[in-house]
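Dear colleague,

Please find below the structure that I am handing over to you.

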Amino acid sequence: MHFTDNDPSFIRSIIEGQLIAFQNDDAEAAFAFASPAIQTQFKTPAMFMQMVKTSYKPVYRPRSVIFEEMTIIEGFLTQLVLFLSTEGVPVRALYMMEKQPDSSWKINGCFLVPVERNTLF
């Protein structure tokens, strides 16, 4: 996988942009950060936003966000992000990123993984 030294900051800005869109309930903007495959899967910004509200509450309305390391998982450049839910429950999100033909990055999936509280520090 080829990526440049600037890609990590671009990737972080993509994820931050989507999180801001969620905070503003801006379905169109949030949907725009998703890869073509994700957009095809959810069809409309409204359907995408409903899925996030239902299945990704810590991402939709986090109490706090900490960007962790970047790694390769199943061939995808993956940004790990630690979220604290509004209820104070930690969860790690694995953001699978996909480089587009124009060299921009899009989010090609997000998987939530429970975090053991004693492994945070």
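Helices (H or I, at least four residues) and strands (E, at least two) are DSSP runs, numbered from the N terminus. A pocket is defined on a 1 Å grid over the protein atoms alone: it is an open set of points where a 1.4 Å probe fits, with protein on both sides within 12 Å along at least five of seven lines, and its lining residues have an atom within 4 Å of a point. Strand E4 gives the most to the lining of the largest pocket, with 5 residues.

This is a predicted model, in which local features need pLDDT of at least 70, side-chain atom pairs count only at pLDDT 80 or more, and totals for chains, interfaces and linings use all residues. Residues are numbered from 1 along each chain as its sequence is written, and side-chain values use heavy atoms, with hydrogens and water left out.

The largest pocket

The lining consists of 17 residues, and Phe48, Met51, Tyr56, Gly109 and Cys110 lie nearest the centre of the pocket. Two or more lining residues come from each of H1, H3, H4 and strand E4 (105–114). By type, the lining has 13 nonpolar residues (Ala, Val, Leu, Ile, Met, Phe, Trp, Tyr, Cys and Pro), no charged ones (Asp, Glu, Lys and Arg) and 4 polar ones (the others, Gly among them).

Cys110

Cys110 belongs to strand E4. Because its relative accessibility is 13%, Cys110 counts as buried (under 20% relative accessible area, with exposed over 50% and partly exposed in between; 1.4 Å probe, protein chains only). Leaving aside residues up to four places away in sequence, Cys110 touches Tyr56, Ala93, Leu94 and Tyr95 (contact means heavy atoms within 4.5 Å).

Helix H4

In helix H4 (residues 45–55), the buried residues are Pro45, Phe48, Met49, Met51 and Val52. They cover an arc of only 160 degrees around the axis, so they are on the same side of H4 (the arc is that of the directions from the helix axis to the C-beta atoms). These buried residues pack against helix H1 (7–23), helix H2 (27–32), helix H3 (36–42) and helix H5 (57–60). The exposed residues Ala46 and Thr54 are on the face of H4 turned away from its buried side.

Gln18

Gln18 is part of helix H1 and counts as buried, at 3% relative accessibility. Not counting residues up to four places away in sequence, Gln18 touches Ala30, Phe33, Ala34, Phe48, Tyr95 and Ile107. A polar atom of the Gln18 side chain lies 2.9 Å from the backbone oxygen of Ala30.

Yours sincerely

Terms used
Polar contact = N/O pair within 3.5 Å; in protein donor to acceptor, adjacent residues only side chain to side chain.
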